[in-house]
Amino acid sequence: MPLAEVLRQALPGLKVQEPLSKHTTLCVGGPADYYADVNNLPELITLKHLSQDHHLPVFFLGAGSNLLVSDDGIRGLVLHLQGDFKKIDFNGRKVHVGAGVMMPTLSKQAAEKGLGGVEALIGVPGTVGGGLVMNAGTREGWIGQVVRTVEFLGAGDPMETRSQLECTFHYRHSNLEGLWLIGAHLELFVDEPRLVTKRMEALLQHRTKTQPLTTANCGSVFKNPVEGPAAQWIEKAGLKGMVIGGARVSDRHANFIVTENAKAKDVLTLIQHIQETVQKEFGVTLQTEVKLAGAW
């Protein structure tokens, strides 16, 4: 039986050669060999077994932000967590959140419950799963600070956990990449809903004023080096507004690349040019925050 049919028996909604430009915030990227929404733990376990049996690479795609997918696409199986993985359960200050939950949704629901600690995630357009992997957040806080345990599928079917300390969270880093993440247990703090909401609104207003939110982009392209914000070095190098193909350094925020009818190679070429120029002129190394995926 063809592999596509084997996979479809497990997930009838499986798509073959699905364009990933439809699923990334940069609106670039070639096709996935196989693409599927996964709605519950039994489906996820079945797909884990099938991927192992057929030596099939697996890539978890969240909201498609902070991601640059190759024009040649991604080989193997691309999974998108939906259904049960988008649930949030509150128990006092303790919260269980699925890996498929959007981080702004978590922020809003926590605020409604009078819980603070995840306000900084209100403007981060990604899922909790992706946020855990990269320890998403802003200068006002990041998700790793409120994590108590992270859940994932281990070597066998049983769910395993990793404590906050075991996750080695630090700036834009954790050791969770490559795990089959299910969700996380968080511990927040009690506050007045109006005060939490006020803090979130201030963060959103600042983001709206300073970032190109109405144009296709992947969020911050580079991590901030110890020498100062990445945007300041890009601007000092005179690269604000620079264009390669359909990719352009944003006029509003130099650490953003915006796209219009772009290819992934346009974005990568622009990233590399920025890195080379800033290194040559100032001796400052810019490391990418955006993740490269697929067959480069």
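These are my notebook entries on a predicted model, taken element by element.

**Entry 1: the five-stranded sheet**

I started with an open sheet of five strands, which run in the order E6-E7-E13-E11-E12 with antiparallel pairing. Strand E6 (88-91) and strand E12 (159-163) form the edges, each pairing on one side only.

**Entry 2: strand E5**

Next I looked at strand E5 (residues 74-81). Seven of its eight residues are buried, so the strand is largely enclosed by the rest of the structure. Strand E2 (residues 31-38) is joined to E5 by six bridges, and the two run parallel. Strand E3 (residues 58-60) is joined to E5 by three bridges, also in parallel. I checked leucine 77 from both sides: tyrosine 34 stands opposite leucine 77, and leucine 77 is the bridge partner of valine 58.

**Entry 3: helix H7**

I then took helix H7 (residues 264-282), which has 19 residues. From first C-alpha to last, H7 reaches 27 Å, close to the 27 Å expected at 1.5 Å a residue. The buried residues of H7 are Ala264, Asp266, Val267, Leu268, Leu270, Ile271, Ile274, Thr277 and Val278. I set this list against helix geometry: an α-helix has 3.6 residues a turn, so residues three or four places apart point the same way. The cover over the buried residues of H7 includes helix H6 (230-236), together with strands E4 (67-69), E15 (243-244), E16 (247-249), E17 (257-259) and E18 (291-293). After H7 comes glycine 283, with a positive phi near 70°.

**Entry 4: threonine 259**

Threonine 259 lies in strand E17. Is threonine 259 buried or exposed? Threonine 259 counts as buried because its relative accessibility is 9%, below the 20% cut-off. Its side chain reaches the backbone oxygen of leucine 26 at 2.7 Å. Not counting residues up to four places away in sequence, threonine 259 touches Leu26, Thr215, Ala216, Gly246 and Val267. Val267 is also among the buried residues of H7.

**Entry 5: glutamate 119**

I looked for glutamate 119 and found it in the loop between strand E8 (115-116) and helix H4 (128-134). Its relative accessible area is 10%, so glutamate 119 is buried. What does its side chain meet? A polar atom of the glutamate 119 side chain lies 2.6 Å from the backbone nitrogen of glycine 117. Leaving aside neighbours within four places in sequence, I listed contacts of glutamate 119 with Ser107, Phe189, Val196, Arg199, Met200 and Leu203.

**Entry 6: cysteines**

How many disulfides does the structure hold? I found zero. For cysteine 27, the nearest cysteine sulfur is that of cysteine 218, 11 Å away. A disulfide needs the two sulfur atoms within 2.5 Å. Cysteine 27 is partly exposed, at 47% relative accessibility, whereas cysteine 167 is buried, at 0%.

Methods. Residues are numbered from 1 along each chain as its sequence is written. This is a predicted model: local features need pLDDT of at least 70, side-chain atom pairs count only at pLDDT 80 or more; totals for chains, interfaces and linings use all residues. Side-chain values use heavy atoms; hydrogens and water are left out. Buried means under 20% relative accessible area, exposed over 50%, partly exposed in between (1.4 Å probe, protein chains only). Helices (H or I, at least four residues) and strands (E, at least two) are DSSP runs, numbered from the N terminus. A polar contact is a pair of N or O atoms within 3.5 Å; within protein, one must be able to donate a hydrogen and the other to accept it, and residues adjacent in sequence count only if both atoms are side-chain atoms. Contact means heavy atoms within 4.5 Å. The expected span of a helix is 1.5 Å times one less than its number of residues. Two strands pair if DSSP finds at least two bridges between them.
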